[in-house]
Protein chains: 2
Amino acid sequence: MSGQTITFKTPPKIVSVSSIAGTKESEGIIGKYADTLLKDDMFGETTYERAECKMLIHVIDGAIKKGGLKREDVGLLVSGDLLNQIISASFAAREFDIPFLGVYGACSTMAESLCLSAVFLDGGHVPYAVAATGSHFASAERQYRYPLELGCIRPPQAQWTVTGAGAALLAREGEGIAVTGATLGKVVDFGVTDVNNMGAAMAPAAADTILAHLKESGRTPEDYDLIVTGDLGALGSRILKDLTREKGVDISSNHVDCGEIVYNVIEDEYQGGSGAGCSALVLCSYLFEKMRMRQLKRVLFVATGALLSTVSSGQGESIPCIAHAVTLEA
Amino acid sequence: MSGQTITFKTPPKIVSVSSIAGTKESEGIIGKYADTLLKDDMFGETTYERAECKMLIHVIDGAIKKGGLKREDVGLLVSGDLLNQIISASFAAREFDIPFLGVYGACSTMAESLCLSAVFLDGGHVPYAVAATGSHFASAERQYRYPLELGCIRPPQAQWTVTGAGAALLAREGEGIAVTGATLGKVVDFGVTDVNNMGAAMAPAAADTILAHLKESGRTPEDYDLIVTGDLGALGSRILKDLTREKGVDISSNHVDCGEIVYNVIEDEYQGGSGAGCSALVLCSYLFEKMRMRQLKRVLFVATGALLSTVSSGQGESIPCIAHAVTLEA
């Protein structure tokens, strides 16, 4: 490790992915790539939380099956989600007889889970690991914001929590997309207190991790076909590009944000998508397929998370954020 | 890795620990071993949550200083806590310019954090890592149960959330207590729905991990000077001993539970202590000192967590639990 950046000696491979998209998410480009498109965001369950958990179970099972494995072959499940006490991940893990590491990184969860899985595989501790996360618009909305029934109006800088989930099966050996390295994020807080403006809060964390990664790896943005951030949305992405440009690094020609591309008509969703499921869904459908087809060869996947709670915001705290990056190579 | 159990090739060392104990916690045996004893559980802060966060910052700094290092020497901070969105850990991490991995394992957090830190060190990814967690009676009480002002009476099977925190500085090389292995837990749910009886809910998870560890490592309980569970309390500990005995394994002569020993007069606290800070505090004060003095040579540290939330319980779900174990050798 040099600074924040890890280089894997035996790069683990993502051998298969599985994804599920909510009704709104299925309307956009993701609808062409996701494995399962929901017709009903309740997914046959009686509560939003159970639907979110069921999505996670569905994609974990999906990734294992698509990898030609059985549940008992997998040595590690790393997962987390946005709900208090990560109940979606914990209750999903209950269904699997697999050692479980619960993580919390808000919307950075997919990158954190991928990184941890890769470290265990690189260290030779497990033969196979699954990294998974998801989110649900309705469960997030009622936990973090207002009851849906109130019909509150969202401010223009707000994002829309993605209903969806993604899981990646990683192997120590085999064919797949290599996880060649990772850059672990530090907690960065620029003093943003507007809980409706996560993009602005998270952009400095994304910039911090991307700049650290490029410096420590000796690479330039051009070394990547794509630098993909998690869910900064349109406004957050513009701020990220400004922040990196201020440091003399121009990522504008090969940067894309999962929150910006997840929805078809972005105007309806204000700044775009967010939520732990946002980057997980985009990675485990569209991005993985593009890499599998060698249309993208080297991608820096930078999932970003806002580490606030309703209590911290209620007590007047600003929003600490984090971004973890993993380098993916086809 | 054999099953759930990891053996480290280059066992990382716990080179220093730091701990802080609340007023009630200072009255018992911990008061003789903890670095800092609070005179006021608010720790000079205006909210319980800020006090909890400040305790974490205090012990992280304490472990780094006692290890003769500076903050910038540390390559990784692994931490989590009981609060929604682990705000204590995330806000504590904001104060440090150190790569941060947020975890959620409820009261199993100390073992999970130690295990993750050890995996990163064993893999050669960082030279030093800090594993830390804590809890605060008042912040946990108002999040999980009732406002303190209501003066609700606790049922006899309840435990008392520990106000305290512990941090361990781990190094790839150097003198200290070796982390020679770890056994990652699976999520176990025996169908307990009583949120006041965490000990009964968590005991099956502890039994599952301990039995897996002994089987996979080829060891017997007698190979350990102590098998320490996190916070099962008195009732949970009895259930654990019954469950392991049913499987032909008798741990009764060398088992102790952090929740049972953390308080002086256990009758006042019903079944004893709980909370992420319980096992962290006991490990980073009493247990570490006993190991440093070679009064204990090999300890299996098994922190247990109940992965419920107020939402999951409100929706009628039972309590999924987990226990992670790390092997410590002086």
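Modeller: Gladly! Let's start with contact, which means heavy atoms within 4.5 Å. This is a predicted model, in which local features need pLDDT of at least 70 and side-chain atom pairs count only at pLDDT 80 or more, while totals for chains, interfaces and linings use all residues. Residues are numbered from 1 along each chain as its sequence is written, chains are lettered from A and ligands numbered from 1 in the order in which they are written, and side-chain values use heavy atoms, with hydrogens and water left out.

Colleague: How do you know that the copies meet through the same surface?

Modeller: Of the interface residues of chain A, 100% are also interface residues in chain B, so the surface is the same on both copies. In numbers, 58 residues of chain A touch 58 residues of chain B.

Colleague: What makes the relation of chain A to chain B that of a two-fold axis?

Modeller: Chain A superposes on chain B by a rotation of 180° with 0.0 Å of shift along its axis, at an RMSD of 0.0 Å. That is how a two-fold axis relates copies. In chain A, V103(A) comes closest to the rotation axis, with its C-alpha at 2.0 Å.

Colleague: How much area do chain A and chain B bury between them?

Modeller: About 4,700 Å², with 59% of it on carbon and sulfur atoms. Buried area is the accessible area (1.4 Å probe) that two parts lose on being put together, summed over both. On the chain A side, Q85(A), R94(A) and H125(A) lose the most, together 15% of what that side buries.

Colleague: Why is α4(A) called oblique to α4(B)?

Modeller: The axes of the two α4 helices (residues 109-122 in each chain) come within 9 Å and cross at roughly 60°. Angles under 35 degrees count as roughly parallel, over 145 as roughly antiparallel, 65 to 115 as roughly perpendicular and the rest as oblique. The pair α4(A) and α4(B) is therefore oblique. C115(A), L116(A), V119(A) and F120(A) meet C115(B), L116(B), V119(B) and F120(B) there.

Colleague: And within chain A, what makes α2(A) and α3(A) oblique?

Modeller: Helix α2 (residues 48-66) and helix α3 (residues 87-94) of chain A pack at about 55°, with axes 8 Å apart. They are therefore oblique to each other as well. Among the residues in this contact are L56(A) of α2(A) and F91(A) of α3(A).

Methods:
Least-squares fit on C-alpha atoms with pLDDT ≥ 70 in both. Axes fitted to C-alpha atoms, helices over the stretch in contact; angles between N-to-C directions. Helix = DSSP H or I, 4+ residues; strand = E, 2+ residues; numbered from the N terminus.
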